[in-house]
Amino acid sequence: MPVRKQQGDNLRTLGAKVVRVAMRDARIREVDGLFCGNMLGDELQGQKHLGALIADEAGLLARNRGARRTVCFATGAAALRMTHMVVASGEADRAVAVGV
Amino acid sequence: MVTPALAKALGAENKVSVGDTMISKNADLMRIYLQRHDAPEDALVGFSVNAKHNPIALFRGRSVTTREVLSSRYIHAPIRLFDCSPNCNGAAAVVLVPADEARVYSSHPVQILASSVATDHFRIDDPPDPLMFEAARNSARAAFRRANVNLEDVSLFEVHDTFSITACLLLEAVGFAPAGQGCRLAADKEIRLHGKIPIATMGGLKARGHPIGATAIYQACEIVLQLTGRAGKNQVRNAKAGLL
């Protein structure tokens, strides 16, 4: 997704778009978990809870865990780390990390 | 609007209340760095003159010259405009699957050899040495140990160059340069695409942009592009391993 000063989409649809692109690229329809890196959604867009909302918007099943991670400037890396851990531990077979 | 929101990551009572921001705290770091190492104010200019040609970057195809950087206005001295990364919007995603199944999903999979986390004092007044990013050093060491690789094995480093001084201190923390010598890597162009340790190969936070929570996922995608030979004009030759 091109980086811009402003995007036409809200954070939920923006996140869902790239999740769908990444899943299409990996030729998968389902994941066992989704971890979202987002730092300022509640401050700037008035939106918390983005992990679950993006999972919904991307059409993932309810059993898929969607969680938002916020660790200051390491936010995206923390989401990636969490995704790595669930797959490496065998907790999930397939998982997606999204940053928005 | 973004700067005050980001400043809330600092101490509310003793930092934000006196007007501190992420910019002012990084300006403090840069000032301490220049003083301690007796470096001129333009010592970090090489961190602002780096890669371009990323089609999805915020500042696409934009060249920045040394003169332009040094004549740009102060945002918070000694930090100038081109020492800073622009806050912006974006989204990126990656799919992870078990390594032994990866070829089912992709003809060009990239393996995560290791990941690690570490934490440190946050406020620069607290740690024994504000110029040593202990968390970065410790997490990098642990990840290298688990992955069984050395610094020399790293083909590129997608560094968190939110400010020039941050990139410099991270290079030193990870071990690519001794203390006070990170700025030499930039001055000697060793951080460029064909240098000793290419950083920010798709423009980094300054040119690609810094969509804060999404930044590291962009960096992960950029490392995948590099390791699969799909980075176009920004391709690092023979890229084998990337550090995020």
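Reader: Let's start where the two chains meet: in which sense do strand 3 of chain A and strand 3 of chain B pair, and over how many bridges?

Author: Strands pair if DSSP finds at least two bridges between them. Here, strand 3 (residues 95-99) of chain A and strand 3 of chain B pair in the antiparallel sense, over five bridges. Taking one bridge, Ala95(A) has Leu96(B) as its partner in strand 3 of chain B. Strands and helices are DSSP runs, numbered from the N terminus: E for strands (at least two residues), H or I for helices (at least four).

Reader: Before we go on, what am I looking at?

Author: This is a predicted model, where local features need pLDDT of at least 70 and side-chain atom pairs count only at pLDDT 80 or more, while totals for chains, interfaces and linings use all residues. Residues are numbered from 1 along each chain as its sequence is written, and chains are lettered from A and ligands numbered from 1 in the order in which they are written.

Reader: How many residues of chain B are in contact with chain A?

Author: A contact means that the C-beta atoms of two residues, placed from the backbone, lie within 7 Å. By that rule, 36 residues of chain B touch 42 residues of chain A. On the chain B side, helix 1 (2-7), strand 3 (92-96) and helix 9 (215-227) give two or more residues each. Strand 3 of chain B supplies the largest share, five residues.

Reader: What classes of residue make up that side of chain B?

Author: Ala, Val, Leu, Ile, Met, Phe, Trp, Tyr, Cys and Pro count as nonpolar, Asp, Glu, Lys and Arg as charged, and the others, Gly among them, as polar. The chain B side has 26 nonpolar, nine polar and one charged residues.

Reader: At what angle do helix 4 of chain A and helix 9 of chain B pack?

Author: Axes are lines fitted to C-alpha atoms, for helices over the stretch in contact, and angles run from 0 to 180 degrees between N-to-C directions. Helix 4 (residues 75-88) of chain A meets helix 9 of chain B at about 65°, with the axes 5 Å apart. Gly76(A), Ala77(A) and Leu80(A) make the contact with Thr215(B), Ala216(B), Ile217(B) and Ala220(B).
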